[in-house]
Amino acid sequence: MTATATPTASTGAAAATDQPMTHRQVMEALSGLLLGLFVAVLSSTVVSNALPRILTDLHGGQSAYTWVITATLLTLTASTPIWGKLSDLASKKLLLQIALVIYIASSALAGFSQNTGQLIACRALQGIGAGGVTALAQICLAAMVPPRERGRYSGYFGAVFALATIGGPLIGGVIVDTSWLGWRWCFYVGIPFALAAILVLQRTLKLPVVRRKVRIDYLGALVITGAVSLLMIWITLAGKNYAWLSWQTAAMVGGGLLLGALAVVVERRAAEPIIPPHLFRHRTVTLSALASVLVGIGMYGATTFLSQYFQLARDKSPTVAGLMTLPMILGLAVSSTVAGRLITKYGRWKAYLVAGTLLLAVGFALLGTARADTAYGLLSVYMAVTGIGLGLTMQNLVLAVQNTVPRAELGAASSVVTFFRTMGGAMGVSALGALMNNRVGHYLAENLAAAHVPAGGALGGGIPDLHKLPAPLVPLVTDAFGHGVGVVFLVAAPFALLAFVTVLFIRETVLRTAQD
């Protein structure tokens with residue numbers, strides 16, 4: 001199968017040829033990419049502090065809380081390798097704009113949701129658009145800039161990720177705390193940013209388009225999605241709807257593993273596989289994918305359950321809860337930016353991965369000691385350590401892989417890292433959410449028994465509104481949630497430690513100074 005290059009219509013853009021783009025051209029195009037990335041990250045973070053209020057209004061419980069988040073992660077995970085493969089076959093700019101249009105449509109629909117089922121379905125559609133934006137933004141950067149120079153630009157990605165993570169919870173908190181807006185504006189607020197991103201990209205992003213006959217691996221996409229979905233549904237429901245050791249567990253786990261094995265067979269035979277098996281012949285790709293799964297488990301858990309901790313264990317408003325996570329976000333923003341510039345200067349990246357995964361493990365272990373009455377000064381230190389670990393890790397795993405594979409496979413290889421990171425996040429949020437639900441129930445039952453309060457219907461199975469509970473119950477509930485969230489982070493710590501061990505075995509190669 002041959003490929004023919006079709007240059008863009010621009011006459012002055014260096015990107016339309018194989019000549020390197022100037023710094024100014026890169027920054028102009030990067031503005032649109034970063035705006036799109038901000039929108040994609042905002043889609044998940046803007047609801048984090050608002051979810052307790054949203055689910056109280058829609059009469060949803062802890063299971064719905066988990067699924068509003070994991071539905072997005074599931075479709076983001078499943079769609080990422082498809083977007084990545086398409087980017088190797090068609091116009092990256094057009095694909096990125098299509099992903100943003102999907103985001104706009106799904107956000108509008110989510111704002112009209114009348115029950116948790118509708119909200120979860122819209123969030124699933126939103127994940128498809130967000131998956132395209134997050135994968136394609138990094139792929140476009142890789143197509144514009146050689147690996148040696150990519151470090152400093154990747155730092156901007158980390159900073160925007162942090163900004164969206166800061167702004168998202170704060171925007172969501174302010175929206176739900178403002179009576180004349182209401183939580184539905186959490187979904188509408190990103191639409192203007194997405195429209196602006198489409199317009200900016202149309203004007204500034206000019207990449208050579210490689211056109212060839214597209215063969216989409218539909219069967220591969222189906223079995224990969226099925227395997228991930230089945231295992232995630234099992235993790236979410238096990239221990240609540242049925243026992244961990246039951247025929248349902250055997251059927252779902254067995255089915256998930258069978259579909260996973262089938263996916264390997266399908267991908268090996270496909271003409272244009274969604275996840276090309278030969279990529280895993282590269283040691284760096286294999287180890288980075290494994291580390292991404294382990295980092296994803298903790299990364300999404302941190303952003304998901306910290307908001308519950310501050311609202312339900314410390315009785316803070318959504319806005320204040322967002323402000324209280326600033327130490328983690330600032331740590332992420334500063335570390336990713338500084339590390340990016342140092343990587344560009346010296347061409348070395350492994351030390352940052354090793355330090356980042358170790359700090360992530362330490363941060364989670366420290367957060368595992370958190371309780372409802374833990375001093376905020378200590379929590380700030382714990383969150384900062386966690387944020388620095390994330391900032392040193394996320395973008396550099398992608399950079400390591402991009403430096404390993406040829407330019408023709410940048411899309412597929414980059415999406416592999418994002419795929420495994422979001423898959424780990426989806427599985428992790430489901431598993432940790434189920435664990436938290438179990439532990440909160442256990443500790444609350446203990447507290448009620450110790451206080452000689454009848455346990456029946458204390459919370460009604462939903463997300464509690466602390467201001468509507470009888471005063472004697474409030475400290476019992478906050479203590480249970482504080483202890484439960486602590487257990488979640490304690491369980492996440494070993495996964496980060498395994499990521500640390502994994503990156504130790506990655507072989508470092510000096511970053512290339514030119515595109516191949």
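Visitor: Leaving aside neighbours within four places in sequence, which residues is G36 in contact with?
Guide: L100, V133 and A197, where contact means heavy atoms within 4.5 Å. This is a predicted model, so local features need pLDDT of at least 70, side-chain atom pairs count only at pLDDT 80 or more, and totals for chains, interfaces and linings use all residues. Residues are numbered from 1 along each chain as its sequence is written, and side-chain values use heavy atoms, with hydrogens and water left out.

Visitor: Is G36 buried or exposed?
Guide: G36 is buried, at 3% relative accessible area (buried is under 20%, exposed over 50%, partly exposed in between, with a 1.4 Å probe and protein chains only).

Visitor: And where does G36 sit?
Guide: In helix α1 (helices are DSSP runs of H or I, at least four residues, numbered from the N terminus).

Visitor: At what angle do α1 and α8 pack?
Guide: About 155°, with the axes of α1 (residues 23-45) and α8 (residues 191-204) 8 Å apart. Axes are lines fitted to C-alpha atoms over the stretch in contact, and angles run from 0 to 180 degrees between N-to-C directions. That makes α1 roughly antiparallel to α8 (over 145 degrees).

Visitor: Which residues make that contact?
Guide: From α1, they include L33, G36 and V39; from α8, they include F193, A197 and L201.

Visitor: New topic: how many residues has the largest nonpolar core?
Guide: 156, and L33 is among those with the most contacts inside it. A nonpolar core is a set of buried Ala, Val, Leu, Ile, Met, Phe, Trp, Tyr and Cys residues joined through side-chain atoms within 4.5 Å.

Terms used
Helix = DSSP H or I, 4+ residues; strand = E, 2+ residues; numbered from the N terminus. Parallel < 35°, antiparallel > 145°, perpendicular 65-115°, else oblique.
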